[in-house]
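This report looks at a few points of local backbone geometry and at one helix with its surroundings.

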Amino acid sequence: MDGGRERELGEACILAMRNYRQIELIADRSYGYPAAIPVAWARLGDWSRAEFLAEHIGPAAQAYAGLAEVAAAGGDAERFRRMLDAARDPARQHGFDWFTSRDRTVLSRAAARLGRPGLARDLLREAETALRRTSGGTDTDRRAEALAKVAQAYAAIGDRRHARKLVAEAEGQLDGLRDAGMRAYYLSLIAFASAEVRGVNAAVRSFPDPRHPAYTARVHAGFARAAAAAGDRDAAGRLLDTAAGRLLTVPEADGTVVHGMSELRLREALLALAKVAATAARVGEPQRARRCLEVAGGAVRRLGYDGSQHQLLVRLATVHELLGDRAAATGLVEHVTDPDARLTALTRLAQAAAETGDEERAGTLFDQAGTLALADPRPRRQQVEPRLDLVVALAEAGRPEPAERILRAMSRTRLPFWELLALTGAVAEVGRLDQAQPLLAIASAGHDEDLRARMLPALTEAAGRTGRLSLVDELVEPALRAPHLRKAAAGAAEAGRFETALELLTRAAELDREAPAPGGVWMLGPDPATRVALLALRAGSPLVDDFCRLARPPERAGWSMPALDGIRGDLEPVVRQVTDGAPPIADAVAALAAVAAARGRADVVGSLIDLGVQASLNWSGAVPAAISGELSTLAVAAAELDQPDRADALLQRLAKARPDQRAPALAARAQAYERAGETARAREVAGEAFACLLSREGGAAGTDRAIAACVRTWAAMDPQRCRAALAHALATRPTETPQFLAAVPLADPALTDLVVALLAGEDPPV
């Protein structure tokens, strides 16, 4: 290969990783970097840092919308316009329409503040449009909640008629939900908006009944808050009494501890009572608040689960803080022993203290919460993460520096999980199994056994493909060896060694009979024996029936194996079974189409793809990204199975799809052109696939699989241009460095050692 090009790409890898480590926190798109932090820096006047962060974090549109609001508050019309344009950039939009609506609503408020009512109205129309793109489909609850916020924004610019229409629409959508619990919950969330827009009396008369005591009380608390905001203290007091009256008798019993559904009902009632108390405290009704606190506090010990008690104690302590009862608040927190719940308590107390204007007390509580958060050695988690709640609270309180300090501590031990899996796949694909142990050592050093388990299948399959079967015994402990022998069999079959594949599958079956591997075979993907049978069918091997007999049955009742059924039986019944199913069916259609192609049934291939397309387009309630994902899978199948017209038609449908959905289809089409001898056209489309992947138009950069598909395709046709494009991507897309690094071995296997070393934390000289 060209030694200069190799050095150029290698240097790009090293420099990109150095830059990435500087912004590693904000590159973590799996969890997000809260938009509140750049907004906080902007409020403090550090616009350079604020805009840098907004450009690189996951929720970029939300961050830019917040920056636009700060600029508007300061009367900076020029900066507002720049932030507005950045927030509306299609490349920064979130996949969920209600988030787009949220950001447009914030921008509308900012425009109104700058005296731009026409622009404010246009932005609210965009918010409405986003929410109606898939109206009548899924996520009605979230859309209705967002619609109520849009209604409030219309009311704020003086269009109360349209605001009332929207809030009534939101109420109607929620009233029609089938899930009674979700219906009641989301109605309680929009009660304040309804009362603010339509007026308290109108809301009281016609708002849908939640038909649930706890959430009915929350609804009336929302009405009370709206009445107080409108200056009607008497109405607020009456509504608070109505809300509390529905709950004050609920805790009365013989004092016995409850569990199960009884505990759930009592917890919901007590939490609602705490909500009423908090509302009373905020609207200047301390006596009413203390009455609710007394009843709820006396029933805490009746809750049978520690988590429920802690949750209630946190809410009660917050109300005491709002009332200025510091000793009572601190005393309740002392009873909260769970670290996560205690951190939540300190965070909420700090927010409450700040809300009452006691900045000194808030600072003390934030410091205590920060100390507790920094002492937590656990890596960041995807779901419940009170440390991230503290980060947001600190930023909103104007303290972005300690917020970033906690983020750094949370992220320090995180491994680039998906990027390491992608790199493992690339290393296996190019046969660089000398890097298997160093790769697995990265997972072991991070104490991530889940990552190690997911890395192994690609390596053991490559061991079968390259004939290094001893590696399976080296890498896999005996109790888990059977599923990995199946992966090695698939690799051997890909290399055309079907006798070896049969031996490996037979050995795996014997091991399973002696001692089944624990934990199932979830990590294997499609059944390896079925893959081997398909490869044998394509090659005309006489061992097809043997492989079919060794296929493993589905692990769950109701799961089918259409590809296997298509290999060993009539195709037509299997086609009907697959295409009559409800979407998503693209993966099953693609697998069965490959079987039909191997059996020489091009007519079935075409009809299968057509039926798959029809099912995808008629997928009721699906978001556009889900439909595009199905069409992308079918486009790849059409290109790979010599259906060029269908592939081109699907690419037309994918013209506005996300890059990670369009790019793999383009890559597959380029490969088809190459097979047909149209080399110039193949290179052109391969370049288009990579350009699509790097495009900011229509969505963020593609997933690891999309990057691998593009690099694999282009490297086979024009390796020098591919290496140059990868070097450019590494230099210009700093937050996605690990994703592009993972594909480097596909472009230049000689750089595999360097890439593994970089992701292991090494910093070699340039």
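In this predicted model, Arg211 is exposed, with a relative accessible area of 63%, and sits in the loop between helix H11 (200-206) and helix H12 (213-229). Its phi is near 55°, a positive value in a residue other than glycine. Asp642 also has a positive phi, of about 60°, although it is not a glycine; Asp642 belongs to the loop between helix H34 (624-640) and helix H35 (644-653), and at 58% relative accessibility it counts as exposed. Most residues other than glycine have a negative phi, and most peptide bonds are trans.

A cis peptide bond runs from Pro583 to Pro584, with omega near 5°, and Pro584 lies in the loop that connects helix H31 (571-579) with helix H32 (586-598).

| Site | Angle |
|---|---|
| Arg211 | phi near 55° |
| Asp642 | phi about 60° |
| Gly467 | phi near 80° |
| Pro583 to Pro584 | omega near 5° |

Helix H24 (residues 449-466) comprises 18 residues and reaches 26 Å from its first C-alpha to its last, close to the 26 Å expected at 1.5 Å a residue. Within H24 there is a kink of about 25° at Leu456, shortly before the proline Pro457. Both Leu456 and Pro457 are among the buried residues of H24, which also include Leu451, Met455 and Leu459. The buried residues of H24 pack against helix H22 (417-429), helix H23 (436-445), helix H25 (470-475), helix H26 (481-494) and helix H28 (528-539). After H24 comes Gly467, whose phi is positive.

Definitions and conventions
Residues are numbered from 1 along each chain as its sequence is written. This is a predicted model: local features need pLDDT of at least 70, side-chain atom pairs count only at pLDDT 80 or more; totals for chains, interfaces and linings use all residues. Side-chain values use heavy atoms; hydrogens and water are left out. Helices (H or I, at least four residues) and strands (E, at least two) are DSSP runs, numbered from the N terminus. The expected span of a helix is 1.5 Å times one less than its number of residues. The bend at a residue is the angle between axes fitted to the seven residues ending there and the seven starting there. Buried means under 20% relative accessible area, exposed over 50%, partly exposed in between (1.4 Å probe, protein chains only). Contact means heavy atoms within 4.5 Å.
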